[in-house]
Amino acid sequence: MAPPKSHRVWRELLLLCALLGTLWEARASQIRYSVPEETDKGFFVGNISKDLGLEPWELAKHGVRIISRGRTQLFALNSRSGSLVTAGRIDREELCAQSARCLVNINILIEDRGKLFGTEIEITDINDNNPKFQVKNLEVKINEIAAPGARYPLPEAVDLDVGVNSLQSYQLSPNHHFSLDVQTGDDGTINPELVLERALDREEEAAHHLVLTASDGGDPRRSSTVHIRVIVLDTNDNAPIFAQSIYRVKVPENLPPGTPLLTVSASDLDEGANGKVAYKFWKINEKRSQIFHLNENTGEISTAKSLDYEECSFYEMEIQAEDVGALLGRTKVLISVEDVNDNKPEVIITSLFSPVLENSLPGTVIAFLNVHDQDSGKNGQVVCYTSDNLPFKLEKSVENYYRLVTWEYLDREKVSIYNITVVASDMGTPPLSTETNILLLVADINDNPPTFPHASYSAYIPENNVRGASIFSLTAHDPDDQKNAQVTYSVTEDTNQGAPLSFYVSINSDTGVLYALQSFDYEQIQDLQLLVTATDSGDPPLSSNVSLSLYVLDQNDNVPEILYPIIPTHDSTGVELAPRSAEPGYLVTKVVAVDRDSGQNAWLSYYLLKASEPGLFAVGLHTGEVRTARGLLDRDALKQILLVAVQDHGQPPLSATITLTVAVADSIPDVLSDLGRIRTPAVPDDSDLTLYLVVAVAVVSCVFLAFVVVLLALRLRRWHSSRLLQAAGGGLAGMPTSHFVGIDRVQAFLQTYSQEVSLTSGSGKSHVIFPQPNYADTLISQESCEKSDSLLTSIKFHECKDEAACAQQAPPNTDWRFSQAQRPGTSGSQNGDETGTWPNNQFDTEMLQAMILASASEAADGSSTLGGGAGTMGLSARYGPQFTLQHVPDYRQNVYIPGSNATLTNAAGKRDGKAPASGNGNKKKSGKKEKK
């Protein structure tokens, strides 16, 4: 039990010490000065800066100012000297009337420290007021039968000063009948009385003139006089007598004007006119005489104006009753005004610190409030409070001052403006209250970064866009205010395909609109990954990022590109063979095209726009395969022209066309023979020109044949050397023959028979398709071949005079035959006779052999640019994986020697005693190479 008692004792000691400290602090914070009244403006009162512990120049810095409630500012602060001075003339009598001490309380506020200092200033009195009588002339009636020693009260003089400066004495002018006697009342007032020293005789002197002088004790002395005229009356020996010497009454302050308060009554024992009494106020100041009304006949006292407890709570007056004989009777009336709770509390905002930062610490002073109720007692006791749901509370300061402080942290993003209602309520019955609204603004700090509504964004832009086009708009929200909410946008630097992102796009730093700086090409860039940063303008700035995926949408901006057949140069067209024995559905060739676009923009369809023989050929809608639609007839023209269109599915669709020339014949020599049988009538006018052209063609042909012979000799020599090397080391024995042949050479061979030129204006009547020399050998550069003009000549023939030239060449070796599956064309099903010969004459053999040797040389040197994988001759990409050179025989052993019906294969077979190898015996040929 001992420890709890000791704890209680210590707790009480601590509370007592805290109370004593509070009282000491309150007393220490009280500052006292004194100043005489009626001083000039700017009169020095006290050194306030010294008493506050500040330098004079620090008064403005700390926000030191005077606050006072409901009155004219009497004092001011001199910021230069740091002193308290008067703000104007001060009249002590106006402030404090005749109070013994006149104290004025003001409060000194130090704003930045949130402290109040009570200051008490005593206004000292000076002798600035003369004693004043209410009247300047007084008439006193005295009956002649009055006995000596009779006393007659005289009017009192009023001096507003106090102390020695107040009224001190009366003096009466010398007279034989009268003397002056001064009586001192209980409250210290002095009342003059006129004393009759000798009996009066009206017949001797009907009137006496006296002068009463009232003097104060100031320095210099001030005084005033009243003239008294004493009228001697005839005999009236009974004076009026009041029923009470003092009348007392208590009335509430809320009485309306005209309400009777009380009635005084005096009686006179005389009869007749001498017994009639008249009532009037005797001792009352001018202001109070206007508040009350006295009925002269009945003595009823009523209110002339409304009473106000706050102005005056007690009234004292004297009522005099006088009869016609000038006999007087007096009584006192004491009226006490009771307070009524008729005044609401007043709340004055003396200082308001708005706006306040949202990161202010709890306990920050928001405002100083002064609360006052003019009522008294419980009616004047005020309780002040605020709403419970706000982060503010009221703390009692000095006297009737309150401090409004925060009790938790503020958040401007939740509440930016507080409408604080302060309620002041008194303790009266019923209680009265006053509500005061304080509008408090919360100042923003940069405590929120900008935020995007979504974690990531996707934007789409069609390719081939206009430079500067708007792509996408990003918006970040910052809940802060003013510059803290001003968001700027930027794109984080990065690279795409070696170029910075700023090369492709830019963003408006103010609006967040993303613009394209380049025209995008879907075939080069499909998407961009961007990181957009939103930064506010606060200090320090805050930022946030969001990812933006920019996708380029494909547009139909690429025309289909035809890969096969390749469009020949010099306005020539390729030739495709269609044997006359072809059945319906026979695959003639295949148009291969690609589109660099994607999606449906790259979906291709093939159409036959125009054909020289409608209904003869058909084109696969999706495959591009050119097939015979019916069987070929003898009446069908040798040369068939097909116009094939390739169209994509874009909007709008784009297309490309290619012209195909189809030769209807079983072999190329058949084509030549059929062309030779074409006859056209001679034109006499063009005979000379035609002759010249025939001669030129013949010369060129001779030169070409000589070149071919030399080329073959060189190739045979190189071939012989390679055979020796293979026998020695087998360096090329394991290399497939498909490495030595390119599809471009085959196409060039096919183009040999596709050149048709009109030599003269009339040569259209007489056309001859002449073989074009092919310079595909590696001994001659490709550039030189490209510079050579086509040797296609239209010659008019009537009969063949040169028997050697017209003689039919010996049939070639049957090993040159290709099956339908081995012919150039598309992969898939092929129709036709596999026993067809291609090539099947000496000239074809020579040209194909030269082409194959050139391709083999380029493949061996590693300089081939034909493309395609090994063993495919570059054809698998166009025709499919089924077409490889494994189906093609090694034509280096089937070189035809001009002027002879034998081939190298035949000669070798005869020499070795072996039959010539067939076109399908690649493995047998490889065996022969190994044996040799």
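Is Leu691 buried, partly exposed or exposed? I looked up its relative accessibility: at 49%, Leu691 counts as partly exposed. The cut-offs are under 20% relative accessible area for buried, over 50% for exposed and partly exposed in between (1.4 Å probe, protein chains only).

**Ground rules.** I am working on a predicted model, where local features need pLDDT of at least 70, side-chain atom pairs count only at pLDDT 80 or more, and totals for chains, interfaces and linings use all residues. Residues are numbered from 1 along each chain as its sequence is written, and side-chain values use heavy atoms, with hydrogens and water left out.

**Overall.** I find 14 helices and 51 strands. These are DSSP runs, numbered from the N terminus (helices: H or I, at least four residues; strands: E, at least two). Of the 932 residues, 44% are buried.

**Patch.** I placed Leu691 in helix H7 (residues 687-729). With Tyr692, Val695, Val699 and Val703, Leu691 makes a nonpolar surface patch of about 510 Å². Patch residues have over 30% relative accessible area and no salt bridge; like charges are joined within 9 Å, nonpolar side chains (Val, Leu, Ile, Met, Phe, Trp, Tyr) within 5 Å. A salt bridge puts a side-chain nitrogen of Lys or Arg within 4 Å of a carboxyl oxygen of Asp or Glu. Areas come from the Shrake-Rupley method with a 1.4 Å probe; for residues, only the protein chains shown count as cover.

**Core.** The largest nonpolar core has 27 residues, and Phe452, Val505, Phe520 and Leu528 touch the most other members. Strands S34 (456-462) and S42 (543-553) are among those that each supply at least two residues of this core. Another core, of 25 residues, lies apart from it and includes Leu255 and Met317. A core joins buried Ala, Val, Leu, Ile, Met, Phe, Trp, Tyr and Cys residues through side-chain atoms within 4.5 Å.

**Rings.** My search of the whole structure gives 9 aromatic pairs. Phe133 and Tyr170 are tilted, at 6.3 Å centre to centre and 50° between the planes. They sit in strands S8 and S12, 37 residues apart. Phe133 is buried at 12%, and Tyr170 is buried at 7%. The pair Tyr460 and Tyr551 is stacked, because the centres are 5.5 Å apart and the planes at 25°. Tyr460 lies in strand S34 and Tyr551 in strand S42, so this pair ties together parts 91 residues apart in sequence. Pairing needs ring centres (Phe, Tyr, or the six-membered ring of Trp) within 6.5 Å; planes under 30 degrees apart count as stacked, over 60 as edge-to-face and the rest as tilted.
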